[in-house]
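This report considers a single protein chain.

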Amino acid sequence: MKPLLEVRNLSVELQTHRGPACAVRDVSFSLARGESLGLIGESGSGKSITAMALMGLLPENARVTGSIVFEGEELVGRPERAMCELRGDRIGMVFQEPMTALNPVHTVGDQVAEPLRLHRGLSSSQARKEAIALLDRVGIPEAAKRIDAYPHQFSGGQRQRITIAMALACGPDLLIADEPTTALDVTIQRQILELIRELVAERGMALLLISHDLGVIAQNVQRMLVMYGGTVVESGPTAQVFGHRMHPYTLGLFAARPGLRASKGQRLATIPGTVPELVDLPKGCPFAGRCRWTIPECSAQVPPPIEVEAGHAVRCIRLDDVVAAESAPTPTLPQRGREERR
């Protein structure tokens, strides 16, 4: 299947008061129509910067190298006017925080109708009619009566539904959802994710879902990229990565999850150290220093991806040692020893 989106060796460098910071390093992936891909990692891992690079919404001090090809067209270096024609039409985005994504001084109806007028050339009355239908489709009750309401008159979950309606107004080929359930309670999170999943399937779109929640990724995407320090450290089909996680950072993320079978008072596993600032990242593996497998060679250069099974790749020069340690059986006390301890 021909990719709808093909990203090759994407790097984003930001200029800061402390010097250049590489926010995204050598990221590559592809996405076809009907496919779903997840980006997961801690805050500051480069997930949102990657999405902003795809949308052409990076700050002016950003320098982008590599290639972003969308339907055969190169987006890196594309003029802003041409990107404006693309955004909201062929590529839609659901932003992380709806209260900052929605304009507080315009009605929700005007905001949902705007891309229809700009990109589809609909009249005000036609766009309003379509906006009502969209708001109704995403689950806003009494959409025809509430279309002239303002963002502050809706709940957090309803505001997120409105941003989804805006992103889908023109029937984009690619939908980017950047932490679409942040700050929502669990019940509303599930409703929003189910809505996105239904609409993607209904319209045959490609989906790029960004999250820090392993459960969200497990249930909603076919393939995933694990990012740390702007680098994809592990990638592959979601089922394979979850079933055979291998990179030390991926293992740390999974170990830190609270478990239903954990005993009362049991402390959660943690990853030692803190996430370094982008200007302080090592030249090699970004996880070097926080990883218990770190050796001097880890900081020399970014490890190349190693394909461990079909489509499943890991960047780690000590992969054999990590896998051997993780697959070793956990020692248990003999029966007599347990009895003596009692």
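Is arginine 90 buried, partly exposed or exposed? With a relative accessible area of 21%, arginine 90 is partly exposed, since the limit for a buried residue is under 20%. The model discussed here is predicted.

## Salt bridges

The whole structure contains 21 salt bridges. In one of them, arginine 90 meets glutamate 73 at 3.7 Å, N to O. Glutamate 73 belongs to strand 5, whereas arginine 90 sits in the loop between helix 2 and strand 6, so the pair ties together parts 17 residues apart in sequence. Both residues also belong to a network of salt bridges that includes Arg33, Glu71, Arg78 and Asp173.

Arginine 18 forms a salt bridge with glutamate 277, with the closest N and O atoms 3.1 Å apart. This pair links distant parts of the chain, 259 residues apart. Arginine 18 is partly exposed, at 44% relative accessible area, and glutamate 277 is partly exposed, at 49%.

## Cysteines

A search of the whole structure finds zero disulfides. For cysteine 22, the closest cysteine sulfur is that of cysteine 285, 14 Å away, which is too far for a bond. Cysteine 291 is likewise in no disulfide, the nearest cysteine sulfur being that of cysteine 316, 6.2 Å away. Cysteine 291 counts as buried because its relative accessibility is 13%.

Notes:
Residues are numbered from 1 along each chain as its sequence is written. This is a predicted model: local features need pLDDT of at least 70, side-chain atom pairs count only at pLDDT 80 or more; totals for chains, interfaces and linings use all residues. Side-chain values use heavy atoms; hydrogens and water are left out. A disulfide is a pair of cysteine sulfur atoms within 2.5 Å. Buried means under 20% relative accessible area, exposed over 50%, partly exposed in between (1.4 Å probe, protein chains only). A salt bridge is a side-chain nitrogen of Lys or Arg within 4 Å of a carboxyl oxygen of Asp or Glu. Helices (H or I, at least four residues) and strands (E, at least two) are DSSP runs, numbered from the N terminus.
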